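Student: Could you walk me through this protein model? I am new to it and would like to ask things as we go.

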Amino acid sequence: MNRSPMSWFRHLTIGQKFLISFGLILTILAFSLTALLFYLSWINSYVDRHKRITVPAIVTAAKMQRDAYDLKLALHLHSERNSSESLKETLVQLNRHHAEIIGALDLYKDTHAARTHPVLFGMLTDHHRLDLAEQEDQAIEEIAASLNALTVNWKALLSSSTPVQPVMAETDRLMTRVTDGLSRLVDAHTQIDIEMKHEGDRLLGRARFIALSLALLLGLVIAATYVLATRHIAHPLMALSATADRVAHHDLTAQFEPWPSRDEVGALAGSLTTMVASLREHSTALMRKTKELEAFTYSIAHDLKGPLREIEGFSSLLEKQFAETGDTQVKHHIDVIRSSALRLTHMIDALLRYSRLEQQELPKQRFNVLEMVQGIVAERITSTQDTKPIIRIDLPFTDLYGEPVSIRQALANLFDNAIKFSRDSSRTEIRIGGRQTQSERVISISDNGIGFDMAQTDKIFGLFERIHSPHEYEGTGVGLAIVKLVMDKHQGRVWAESAPGQGSTFYVAFPMR
C-alpha cells in the first residue's frame with residue numbers, strides 16, 4: 001500500500017505535531033546562530049591577523065626604507081667631505097643603519113612573511129596568488145644580498161687606497177637595489193593585504209548568504225508548519241464545526257467526513273459521527289412515537305367527543321323533560337352534567353390546539369404587530385356585552401419578526417386572561433405596552449384584576465394547571481401553556497409580575513433578528 005511522504009504526520013497527535021514543528025524551528029535557529037558565530041569568529045580572526053601581520057609588516061618595511069635612505073645619505077655626506085674627521089662618525093652611522101635594516105629584515109622574515117603563517121599561506125594558495133609569496137621571498141633575498149655587498153663596498157670606500165668614484169658608483173647601484181627590493185617587498189605585502197581583505201569580504205559574503213539561507217529556510221519551515229496546521233487541524237475543525245452547526249439546527253442529514261488521521265481531530269470526528277448516528281436513530285424513533293402519539297391523540301379526542309356529544313344531547317332532552325316538573329334538584333344535576341360535558345369538550349379542543357402547535361414548524365416573517373394588537377382588541381371589545389374596559393395601547397415599535405398566527409394566538413390568550421381576571425373590578429383597565437433593547441423586543445399586557453401570588457408563577461404556565469376553580473373563572477388551563485409553547489418556539493421568554501389584589505402584568509420577549 002503506497003503512503004504519501006507526510007502520511008506519518010497525520011497520524012501524530014496535535015501535541016506531537018506541534019512538538020516536531022517547534023523542535024525543527026528551534027533546531028534551525030540554533031544551527032543558524034552557531035553558523036553565524038563560527039563565521040563571525042573566522043572574520044574576527046582575519047581582522048586580528050590583519051592587525052598583527054599586515055600593518056606591522058608594512059610599518060617594518062617602511063622603517064627599513066627610511067634606514068636605507070639614511071644609510072645612503074651618510075655615504076654621500078662622507079664622499080663629499082672626504083675628511084678623516086668624518087670617517088669615525090660615518091662608520092658609526094653606517095654600522096647602526098646596517099644593523100637596524102638587518103634586524104628589521106630578520107624580524108620581517110620571522111614574523112611577517114607569508115610563508116611563516118600557514119593560514120595566510122593557505123589563503124594565498126586558495127586564491128592562486130603564491131606569486132606574492134615568491135615575490136616577497138625574492139625581495140627579502142635581494143635586500144639581504146645587497147646589504148652584504150654594501151658592507152664590503154663601504155669598507156673599500158672608507159679605505160684611503162681605493163678610488164672614490166668607482167666605489168661610489170657601485171654603492172649607489174647597491175643602494176638602488178636595496179630600495180627597489182624594499183619597494184617590491186612593500187608592494188608584495190600590500191597585495192597580500194588586499195588578498196586578505198578579499199578573503200574577509202568573501203567570508204562576510206558567505207556569512208550573509210548563510211544567514212539569508214537559514215532565514216529563508218526558517219521562513220519555509222514556519223510556512224510549512226502553518227500550512228500543515230491549517231490543513232490538518234484548522235480546516236478539519238472548521239469542517240466539523242460547520243457540520244455540527246447543521247446538526248445543532250436539526251439537520252440530521254449532515255455527514256461528518258471521516259478523517260484519516262488518528263489525532264485528536266480524528267477522534268473528535270469519530271465521536272461526532274457516532275453521536276449523529278445515535279441522534280438519527282433517536283430522531284427516527286421519536287418521530288415514529290410522535291406520529292403514534294398524534295394519531296392516538298386525535299383518535300382519543302374523536303372517541304371522546306362522540307360520547308360527550310351524546311351526553312350533552314341527552315342532557316338537553318332531560319332538561320326539557322324535567323323543565324315542566326319544576327324539580328330544581330334534578331334540574332341542577334342535569335345542568336352540572338351538561339356544563340361538565342361542554343367543559344370537557346373545550347378541554348379536548350384546547351389540547352388538540354396545543355398538540356397541533358407543538359408539532360408545527362413555524363415559518364417566521366416580519367409583520368406589523370401593532371395592527372395585530374389593535375385587531376385583537378377590536379374583536380374582543382365588539383364581542384363584550386358588559387361594560388367596555390378601558391384599554392390603552394402604547395407600543396414603541398410596530399414590526400416584529402416571528403410566525404404571525406401563533407403570536408396572535410398567544411397575545412389573544414393573554415388579553416383574554418386580562419379581561420377575565422379583572423372583570424370584577426369597578427372599572428377594568430388594560431394597558432398594552434412594550435420596550436425595545438439591543439437584543440429583544442418586549443410586549444407587556446397589564447390589568448387591574450385579582451392578581452396572584454408570585455410563588456405560583458411556574459404553575460400558571462403548566463398544561464392544565466389552574467390556581468382558581470372552574471366555578472370561579474372559566475377556562476381549560478391550556479391558554480398560558482400555549483403562550484409558553486409559542487415563546488419557546490420563537491427562542492423567546494415569557495414571565496409575569498403580580499401580587500394578590502394588585503393586578504398582573506405578563507411579558508413576552510422576542511429576540512431581535
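**A first look**

Tutor: Of the 513 residues in the protein chain, 37% are buried, where buried means under 20% relative accessible area, exposed means over 50% and partly exposed lies in between, with a 1.4 Å probe and protein chains only. This is a predicted model, in which local features need pLDDT of at least 70 and side-chain atom pairs count only at pLDDT 80 or more, while totals for chains, interfaces and linings use all residues. Residues are numbered from 1 along each chain as its sequence is written, and side-chain values use heavy atoms, with hydrogens and water left out.

Student: How many helices and strands are there in the chain?

Tutor: The protein chain has 12 helices and seven strands, taken as DSSP runs numbered from the N terminus (helices are H or I with at least four residues, strands are E with at least two).

Student: And which residues have the most contacts inside the largest nonpolar core?

Tutor: They are Val369, Leu400, Ile407, Leu411, Ile443, Phe506 and Val508, in a core of 34 residues; a nonpolar core is a set of buried Ala, Val, Leu, Ile, Met, Phe, Trp, Tyr and Cys residues joined through side-chain atoms within 4.5 Å. Elements that each supply at least two residues of this core include α9 (369–383), α10 (404–421), β6 (493–498) and β7 (504–511). The largest share, seven residues, comes from α10. There is also a second, separate core of 23 residues, which includes Leu71, Ala74, Met175 and Val178.

Student: What does Phe506 touch?

Tutor: Leaving out residues up to four places away in sequence, Phe506 touches Leu414, Ile443, Ser444, Ile445, Phe452, Ile460, Phe461, Leu480, Trp495 and Ala496, a contact being heavy atoms within 4.5 Å.

Student: How many aromatic pairs turn up in the whole structure?

Tutor: A search of the whole structure finds two, where rings of Phe, Tyr and Trp (its six-membered ring) pair if their centres lie within 6.5 Å, and planes under 30 degrees apart count as stacked, over 60 as edge-to-face and the rest as tilted. The rings of Phe452 and Phe506 have centres 6.2 Å apart and planes at 40 degrees, so this pair is tilted. It links distant parts of the chain, with Phe452 in the loop between β5 and α11 (457–460) and Phe506 in strand β7, 54 residues apart. Both Phe452 and Phe506 are buried. Trp495 and Tyr507 form a stacked pair, 5.0 Å centre to centre with 15 degrees between the planes, and this pair joins strand β6, which holds Trp495, to strand β7, which holds Tyr507, across 12 residues.

Student: Is Tyr507 buried or exposed?

Tutor: Tyr507 counts as buried, because its relative accessibility is 13%.

Student: Changing topic, how many salt bridges are there?

Tutor: The count comes to 15, a salt bridge being a side-chain nitrogen of Lys or Arg within 4 Å of a carboxyl oxygen of Asp or Glu. In one of them, Arg366 pairs with Asp399, and the closest N and O atoms are 2.9 Å apart. Arg366 lies in strand β1 (residues 365–368) and Asp399 in strand β3, so the pair ties together parts that are 33 residues apart in sequence. Arg366 is partly exposed at 41% relative accessibility, and Asp399 is partly exposed at 24%.

Student: Which residues are linked in a network of salt bridges?

Tutor: Glu379, Arg380, Arg408 and Asp416 are linked in that way.
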